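Reader: Could you walk me through this model, please? I would like to go through it piece by piece, with the cut-offs spelled out as we go.

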Amino acid sequence: MERLICLAIGYVCGLFQTSYIIGRLHKTDIREHGSGNAGTTNALRTFGKKAGILTLLGDCLKCVAAIVLVRVFLGKTYGDILPLLSLYAAAGCILGHNFPFYLKFKGGKGIAASVGLLLAFDWRLFLICAVLFFGAFFLTHYVSLGSLLAYFGFVVALIIFGQMGTYDCTQPALYEMYGVAVVLM
């Protein structure tokens, strides 16, 4: 039940569509321009650097908010599986970002929200993924390739850190964490 609650908290946080709101301020539906999605890269291409930065921040912060809410409200009761519940909240947020019901399930791609996941979950994972993302991006100039490589690095690093005892969870909870991470990837 607590997993569903975390998914729901995350989904509600993910419904805050930063680029869509910025687009509406410009009297435009961002999904009708550029790549056709409501994400950071499309906001950057469609409305410029300022909108891209605001979208990145908004999309990151909504995932941070979902994880913080779960930690605050469920931390004392479910401290032994809190890292797992944090991943469920992040997964819900990314689902809410990618598939917002009020935009006919047509949102972003979840990359900026995933940056929020990394920042709030484990800063070391963020650093590893940032190196992988920017390395791939600067070599190829493909955001999508950098994102895929970063997500792969996230899963691998999460497994390594988990097996080293970093997250202080039982082995079944760790396996479930790995499963959620693979689904996110």
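Author: Asp122 counts as buried, because its relative accessibility is 4%, where buried means under 20% relative accessible area, exposed over 50% and partly exposed in between, with a 1.4 Å probe and protein chains only. Please keep in mind that this is a predicted model, in which local features need pLDDT of at least 70 and side-chain atom pairs count only at pLDDT 80 or more, while totals for chains, interfaces and linings use all residues. Residues are numbered from 1 along each chain as its sequence is written, and side-chain values use heavy atoms, with hydrogens and water left out.

Reader: Which residue does Asp122 meet in a salt bridge?

Author: The partner is Arg124, at 3.0 Å from N to O, a salt bridge being a side-chain nitrogen of Lys or Arg within 4 Å of a carboxyl oxygen of Asp or Glu. Arg124 has a relative accessible area of 32% and is therefore partly exposed.

Reader: And how many salt bridges does the structure hold?

Author: There are five, including one between Arg31 and Asp29 at 2.8 Å, N to O, where both residues are buried.

Reader: Switching to α6, is the helix mostly buried or exposed?

Author: Helix α6 spans residues 111-121, and eight of its 11 residues are buried, so the rest of the structure largely encloses it; helices here are DSSP runs (H or I, at least four residues), numbered from the N terminus. Among the buried residues are Ala112, Gly116 and Phe121.

Reader: What about Leu119?

Author: Leu119 also lies in α6, but counts as partly exposed because its relative accessibility is 42%.

Reader: At what angle do α6 and α8 pack?

Author: The angle is about 30°, with the axes 12 Å apart; axes are lines fitted to C-alpha atoms, for helices over the stretch in contact, and angles run from 0 to 180 degrees between N-to-C directions. That makes α6 roughly parallel to α8, a label for angles under 35 degrees.

Reader: Which residues of α6 and α8 meet there?

Author: From α6, Ile111, Ser114, Leu117, Leu118 and Phe121 meet Ser147, Tyr151, Phe154 and Leu158 of α8, contact meaning heavy atoms within 4.5 Å.

Methods. Helix = DSSP H or I, 4+ residues; strand = E, 2+ residues; numbered from the N terminus. Parallel < 35°, antiparallel > 145°, perpendicular 65-115°, else oblique.
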